[in-house]
Amino acid sequence: MIGDVVGHDLDAAAGMAQVCNMLRAYAGEMDSLPSTVIGRLDQAVSRMAEATMATVVFARAEPVDGGWRLRWTNAGHPPPLLVERDGTTRFLEDGGGLMLGTGICVPRQDAVVDLPPHSSVVFYTDGLIESPSHSLDDGLERLRKEASALGARKLHGFCDRLLRKVRPDDNDDDVALLTLRVPG
């Protein structure tokens with residue numbers, strides 16, 4: 001999972017800690033679909049004493065027929081990026097829904113993709129791609145382009161290079177970056 005809370009102060013950090021702890025508890029139910037887990041989390045977040053809004057992608061990699069499948073749901077977070085070994089990329093935009101904490105109860109959707117051998121899935125926060133001087137589409141394209149160039153490289157250094165090449169100089173937002181590499 002990767003997520004981000006609205007705000008940049010101590011209250012936001014405390015809210016994120018609460019959301020993370022609740023998600024850990026709900027995620028322990030391994031037979032639950034990601035959409036079910038995030039639906040329960042959203043209900044809990046809406047009942048918190050201090051209003052908290054957050055985005056999150058919650059995913060599970062599952063072994064299937066000698067390969068791997070990714071099942072995820074997205075609550076208002078930037079979409080994960082699938083990077084194949086040959087440099088082919090695509091944003092995993094399915095499974096999207098409202099961010100957590102809106103108070104609007106809507107069904108969550110799951111999305112599924114079979115992961116090619118040696119591919120990578122990049123999860124990141126908006127601090128990696130946002131900039132006051134560029135559009136969000138520019139940031140997403142910069143991420144796609146740089147990740148494409150790393151498709152066949154070893155995972156060691158993958159995130160460091162993305163951080164150096166993609167994060168805008170004029171962005172002081174925090175960044176979280178997580179990459180999953182599929183075995184061959």
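Q: Where is D65 found?
A: A friendly note before we start: this is a predicted model, in which local features need pLDDT of at least 70 and side-chain atom pairs count only at pLDDT 80 or more, while totals for chains, interfaces and linings use all residues. Residues are numbered from 1 along each chain as its sequence is written, and side-chain values use heavy atoms, with hydrogens and water left out. Helices (H or I, at least four residues) and strands (E, at least two) are DSSP runs, numbered from the N terminus. With these elements as landmarks, D65 is found in the loop between β2 and β3.

Q: Is D65 buried or exposed?
A: Buried means under 20% relative accessible area, exposed over 50%, and partly exposed in between (1.4 Å probe, protein chains only). The relative accessible area of D65 is 79%. That value is over 50%, so D65 is exposed.

Q: What is the phi of H118 near?
A: Most residues other than glycine have a negative phi. D65 has a positive one, near 45°. H118, in the loop between β7 and β8, also has a positive phi; the value is near 65°.

Q: Which residues does L23 touch, not counting residues up to four places away in sequence?
A: Contact means heavy atoms within 4.5 Å. L23 is among the residues with the most contacts inside the largest core. Its partners are M1, V37, I38, L41, V56 and F58.

Q: How many residues are in the other core, the one with V122 and L128?
A: This core lies apart from the largest one. I129 and A147 are among its residues too. The count is 14 residues.

Q: What separates the C-alpha atoms of R167 and L128?
A: R167 sits in the loop between α4 (158-166) and β9 (177-181), and is partly exposed at 28%. Leaving out residues up to four places away in sequence, R167 touches G127, L128, L162, D172, D173 and V175. R167 and L128 are 39 residues apart along the chain. Their C-alpha atoms are separated by 4.7 Å.

Q: Which residue does the side chain of S120 join in a polar contact?
A: A polar contact is a pair of N or O atoms within 3.5 Å; within protein, one must be able to donate a hydrogen and the other to accept it, and residues adjacent in sequence count only if both atoms are side-chain atoms. S120 lies in strand β8 (residues 120-124) and is buried, at 1% relative accessibility. The contact is between side chains, at 2.6 Å. The partner of S120 is R181.

Q: Why does the pair of D114 and R69 tie together parts that lie apart in sequence, and how many residues apart are they?
A: A salt bridge is a side-chain nitrogen of Lys or Arg within 4 Å of a carboxyl oxygen of Asp or Glu, and the structure holds four of them. The side chains of D114 and R69 meet in one, at 2.7 Å from N to O. D114 lies in strand β7 and R69 in strand β3, so the parts they tie together are apart in sequence by 45 residues.

Q: In which helix are E141 and R144?
A: The side chains of E141 and R144 meet in a salt bridge of 2.5 Å, N to O. E141 is partly exposed at 38%, and R144 is partly exposed at 26%. Being three residues apart, they are separated by about one helical turn. The helix, residues 136-149, is α3.

Q: Is N74 buried or exposed?
A: N74 is in strand β3 (residues 67-75). Not counting residues up to four places away in sequence, it touches V56, V57, P79, P80, G95, G96, G97 and R108. At 6% relative accessibility, N74 counts as buried.

Key. Core = buried A, V, L, I, M, F, W, Y, C linked by side-chain atoms within 4.5 Å.
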